[in-house]
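Hi everyone, thanks for coming.

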Amino acid sequence: ERGRAVSGIELAGAVSMMRLITRMVINATAAYDVVLTPTLAKVPALVGGLRDDADPVADFEAQKAFTPYTSPYNVTGQPAMSVPLSWAEVGGATLPIGVQLVGRPHDERTLISVAAQLAETAGFAGSTMNLSDLDRPERHAGAYVSSNLFRTLGVAPQLGRDFSDAD
């Protein structure tokens, strides 16, 4: 419906403006191998948490507010990816929180290399968890960590064993 109200001249003007903004963004970030941004504006939502099937305009506005950092690069066509670095408790579920890495046009190789290096670093996210013997669970402070945490820190676990490659 709304699209029919737009003339061909207005559409051409909007496309020209998008191309101009694309060139400006690419030129502004050309000096950097990778640009780092948040992936989302808020903690992750549960599946279906943003949907408003009764009001498509409100649904689209909610999506834009939730993902303002990704849409510019959808327009510019620059390669981008989200890399999970932390975790959040949302509605009883533990969901990943990521950062977005954006590369130069046609330079996916550098983007993927930086993402792999970032993923290899020791990740850490504080949390609490239930630990139990056979009869009573107890709540304890703990952390979700990447499997290379101890190696990265150059220390050995005080109790138990280090992670193996099979873990």
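Predicted model: local features only at pLDDT ≥ 70, side-chain atom pairs only at ≥ 80, totals over all residues.

Okay, the inside. The largest nonpolar core has five residues: Val83, Val99, Leu101, Leu111 and Ala115. Two elements each give two or more residues to this core, namely β3 (93-103) and α4 (108-120). Let's zoom in on Leu111. Beyond its neighbours within four places in sequence, Leu111 touches several residues, including Val34, Pro79, Met81 and Leu101.

Now the charges. How many salt bridges does the structure hold? There are four. My pick is Arg104 with Asp33, at 3.1 Å from N to O. This pair ties together distant parts of the chain, 71 residues apart: Arg104 sits in the loop between β3 and α4, and Asp33 in the loop between α1 and β1. Arg104 has a relative accessible area of 27%, so it counts as partly exposed. Asp33 is partly exposed too, at 46%.

Compare that with Glu61 and Lys64, whose closest N and O atoms are 3.0 Å apart. Those two share helix α2 and lie three residues apart, about one turn of the helix.

Last stop, the surface. Met17, Leu20, Ile21 and Met24 make a nonpolar patch there of about 370 Å². Leu20 belongs to helix α1 (residues 8-29), and its 37% relative accessibility makes it partly exposed.

Conventions. Residues numbered from 1 in each chain as written. Heavy atoms only, no water. Patch = residues over 30% accessible without salt bridge, like charges linked within 9 Å, V, L, I, M, F, W, Y side chains within 5 Å. Areas by Shrake-Rupley, 256 points an atom, 1.4 Å probe, with all protein chains shown as cover. Salt bridge = Lys/Arg side-chain N within 4 Å of Asp/Glu carboxyl O. Helix = DSSP H or I, 4+ residues; strand = E, 2+ residues; numbered from the N terminus. Buried < 20%, exposed > 50% of the residue type's maximum accessible area, 1.4 Å probe, protein only. Core = buried A, V, L, I, M, F, W, Y, C linked by side-chain atoms within 4.5 Å. Contact = heavy atoms within 4.5 Å.
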